[in-house]
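Please read these notes alongside the model.

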Amino acid sequence: MSKKLLLKDAHIEGIRYFDVYRKQGGYNAVEKALKMTPEEILEEVKTSGLRGRGGAGFPTGMKWSFLAKPEGVPRHLVVNADESEPGTFKDRYLMEYIPHLLIEGMIISSFCLGSNASYIYIRGEYSWIPDILEQAIEEAKQAGFLGKNILGTGFDLEIYVQRGAGAYICGEETALLESLEGRRGNPRLKPPFPAVKGLWERPTVVNNVESIAAVVPIINITGAEYAKIGVGRSTGTKLISACGNINKPGVYEIDMTITVEEFIYSDEYCGGIPNGKRLKACIPGGSSVPIVPANLLLRTINGEPRYMNYESLADGGFATGTMMGSGGFIVLDEDQSIVEHTMTLARFYAHESCGQCTPCREGTPWMYKILKKIHSGQGTMEDIDLLWDIQRKIEGNTICPLGDAAAWPVAAAIRHFRDEFEWYVKNPELSQKQNYGLANY
Ligand code: NAD
Ligand code: SF4
């Protein structure tokens, strides 16, 4: 049974509302944290080993310690709720069902970072959630946990909710800041990192929803206790949104010691694959991370079981392993076509490219065009090589990670499933009638 820190009260009726949340011990962490110094809170977060839950896994305490503190310049906390990675919906769940956990985490984090005005930037498609968040903010304010002189400590904090307008790129932290400032969401060059020059050129910490929510249990149980959960540098718990060909899609909280096999097949989590079908492949961390075939997903190259944590999933590098990413776990069964799947993702990235850099602007639609050609039975062997070449030229040559995110799925698909691409070339008539999965497994 996995330990639950974030979703432990998610099943309680009315937990969305302040009174019910408070009765379960909600806002105790704020009371505790406001008696500590910002330095003591930072130390707890560092000790916890918490790593950014948006996808990059950057140590949260280290990010906070990078925050510049020039005299007389306001600092900000911005929560990245622009959860747009295909297959990822864990932050939506958290905000919809336990909004006070995010607000409580934001109060503690803002106090630690010295932010008196903090922001939640939420994707436009989550159209019903801003009202939930705004109600939670109002309730917290009425109870004295937000606004002026919180709990008589002299600390002031306002939290603002800003809706995005439906662009995936606004989840990239600097594009998000541009959008928050009222401009087109074009990513900025880094460095400078937001910690030095962020919102309105002020020092800013941008953190994912789940990362900030995790600060609440860290303060409640202490960073040292939090660090005992999990394994190695994968401390604490992680939310995983599971979808695709599984019996029980949903959001699960895991403690990162379970194997991938257990996660897919046990009834506590995904409950196996419907209709007794075989596992073909999986994207374990949202669409930007490499797809992995079943054999490498369940075992590492050394034959060890693969675990649901940062280190084990990445074991073997991109050649064999993949990444924990955002925790968007997409399972593909034997009937699925990798070429079709890769083509769908390529269309997504081509559509979402902001167009600033040539390799991404020109390369992403080009990859989609070639994949469409191969999928429709009109491709050649040279097209497969060309596809490989294009993704190589995009990777590492762009301003923001969207370029890499578009290149990696194509690279991994060709690396692991080249025979499938070749089948589409060799069987033009068949490929138009039935997909590779149905024809070959
Ligand atoms: P990154 O590695 O560039 O940065 C991670 C964080 O650490 C950033 O906040 C950055 O500012 C900070 N940082 C890194 N080095 C720093 C330094 N020297 N000084 C100060 N701060 C520093 O990654 P990223 O671009 O933030 O995120 C990429 C990841 O986002 C991908 O791996 C993907 O998994 C994920 N992603 C998630 C979603 C989603 O919906 N959750 C969508 C798209 C992509
Ligand atoms: Fe825009 Fe793509 Fe360049 Fe990112 S990589 S800045 S999305 S063109």
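1. The count comes to 28 salt bridges, each a side-chain nitrogen of Lys or Arg within 4 Å of a carboxyl oxygen of Asp or Glu. This is a predicted model: local features need pLDDT of at least 70, side-chain atom pairs count only at pLDDT 80 or more, and totals for chains, interfaces and linings use all residues. Side-chain values use heavy atoms, without hydrogens and water, and residues are numbered from 1 along each chain as its sequence is written.

2. Lysine 90 and glutamate 210 form a salt bridge, 2.9 Å from N to O. The pair links distant parts of the chain, helix 5 (residues 90-97) and helix 9 (residues 209-221), 120 residues apart. Helices here are DSSP runs of H or I, at least four residues, and strands are E runs of at least two, numbered from the N terminus. A salt-bridge network links Arg53, Lys90, Asp91, Glu210 and Lys238.

3. Lysine 277 and aspartate 335 meet in a salt bridge at 3.2 Å, N to O. Lysine 277 is partly exposed at 29%, whereas aspartate 335 is buried at 19%.

4. Glutamate 172 lies in the loop between strand 3 (158-163) and helix 8 (173-180). Its relative accessible area is 11%, so glutamate 172 is buried.

5. Which residues does glutamate 172 contact, leaving aside neighbours within four places in sequence? They are Pro187, Lys190, Cys400 and Pro401, with contact meaning heavy atoms within 4.5 Å.

6. Helix 18 is mostly covered, with 20 of its 25 residues buried.

Note on methods:
Chains lettered and ligands numbered in written order. Buried < 20%, exposed > 50% of the residue type's maximum accessible area, 1.4 Å probe, protein only.
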